[in-house]
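Here is a friendly walk through one protein chain, written to be read with the model open beside you.

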Amino acid sequence: MDLGRFLTDIAQNLYTSGGTIADEIIQNAQRAGATSLAIRLLRSSGADGVSLLEFQDDGSGLAKADDLLKLAHSGWSKKTKSEDSPFGLGFFSTLTATDRVEVRSRNLSIVLDSAKLRATKSIDGVVTVTDEVEDAPGFRVRLYSPPKPASGADTSKTRESWDALESAI
């Protein structure tokens, strides 16, 4: 599978706005039974313009990395699957607007280098899954923006998606 092409296709056809990406994360929190969701945006003051957007919920968390990382797969309960019909693609929308995604839930720490994924079009060396000693409550996802383009340079589609996401928050 050409993952770079896949990301381009979902960015252009499924996740066409920053609000859609945020909605996917919020919907996952609701499905996990979260009663609270905190959203933080930390804008960079540096020349690179890299920002951090963090979503932290108090839901049931992630039991297995595969429940998040397998395409067209979800680890939701049978009830959630029958009521909501999750496609198992929503989380991948985050890769269309970021250069890096970090997830921390229960005893899992997952890092996805989305910039490398787009560049190499291969999953090799893109995902790191670590078993942590201490459990973390809920589900936290940190999204890191791509750098701002140099003055006069063209804005990448990824940066345009990030700017739309940041505006939606």
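The sections below go from the overall layout to the sheet, the salt bridges and the surface.

## About the model

This is a predicted model, in which local features need pLDDT of at least 70 and side-chain atom pairs count only at pLDDT 80 or more, while totals for chains, interfaces and linings use all residues. Residues are numbered from 1 along each chain as its sequence is written, and side-chain values use heavy atoms, with hydrogens and water left out.

## Overall layout

The chain has six helices and four strands. Both are DSSP runs numbered from the N terminus: helices are H or I with at least four residues, and strands are E with at least two. Read from the N terminus, the order of elements is α-α-β-β-α-α-β-α-β-α.

Of the 169 residues in the chain, 40% are buried. Here buried means under 20% relative accessible area, exposed means over 50%, and partly exposed lies in between (1.4 Å probe, protein chains only). Among contacts with a separation of 6 or more, 60% are between residues 24 or more positions apart; a contact means heavy atoms within 4.5 Å.

## The sheet

The four strands make an open antiparallel sheet in the order β1-β2-β4-β3. Strands β1 (37-42) and β3 (100-112) each have a single partner strand, so one side of each has no neighbour in the sheet. On average, neighbouring strands are turned by 30 degrees against each other, direction ignored. Those angles come from axes, which are lines fitted to C-alpha atoms (for helices, over the stretch in contact), and run from 0 to 180 degrees between N-to-C directions. Two strands count as paired if DSSP finds at least two bridges between them.

Twelve bridges join β3 to β4 (residues 127-144). Within this pairing, I110 has V129 as its bridge partner, and V111 stands opposite T128. Ten of the 13 residues of β3 are buried. S109, in β3, is buried at 17% relative accessibility. Beyond its neighbours within four places in sequence, S109 contacts V103, R104, T128, V129, T130 and E132.

## Salt bridges

How many salt bridges does a search of the whole structure find? The search finds five, counting a side-chain nitrogen of Lys or Arg within 4 Å of a carboxyl oxygen of Asp or Glu. One of them joins R142 and E54 (2.6 Å, N to O). R142 is in β4 and E54 in β2 (residues 52-57), so this pair ties together parts 88 residues apart in sequence. E54 is buried at 9% relative accessibility, whereas R142 is partly exposed at 21%. R40 joins E54 and R142 in a network of salt bridges.

E102 and R100 form another salt bridge, with their closest N and O atoms 2.8 Å apart. In helix α6 (residues 157-168), D163 and R159 are four residues apart, about one turn of the helix, and their salt bridge has its closest N and O atoms 3.1 Å apart. R159 is buried at 3%, while D163 is partly exposed at 33%.

## The surface

The chain exposes about 9,100 Å², with carbon and sulfur atoms supplying 48% of it. Accessible areas come from the Shrake-Rupley method with a 1.4 Å probe; for residues, only the protein chains shown count as cover.

L37, I39 and I169 form a nonpolar surface patch with about 220 Å² of accessible area together. Patches are made of residues with over 30% relative accessible area and no salt bridge, joining like charges within 9 Å and nonpolar side chains (Val, Leu, Ile, Met, Phe, Trp, Tyr) within 5 Å. I39 lies in β1 and is partly exposed at 37%.
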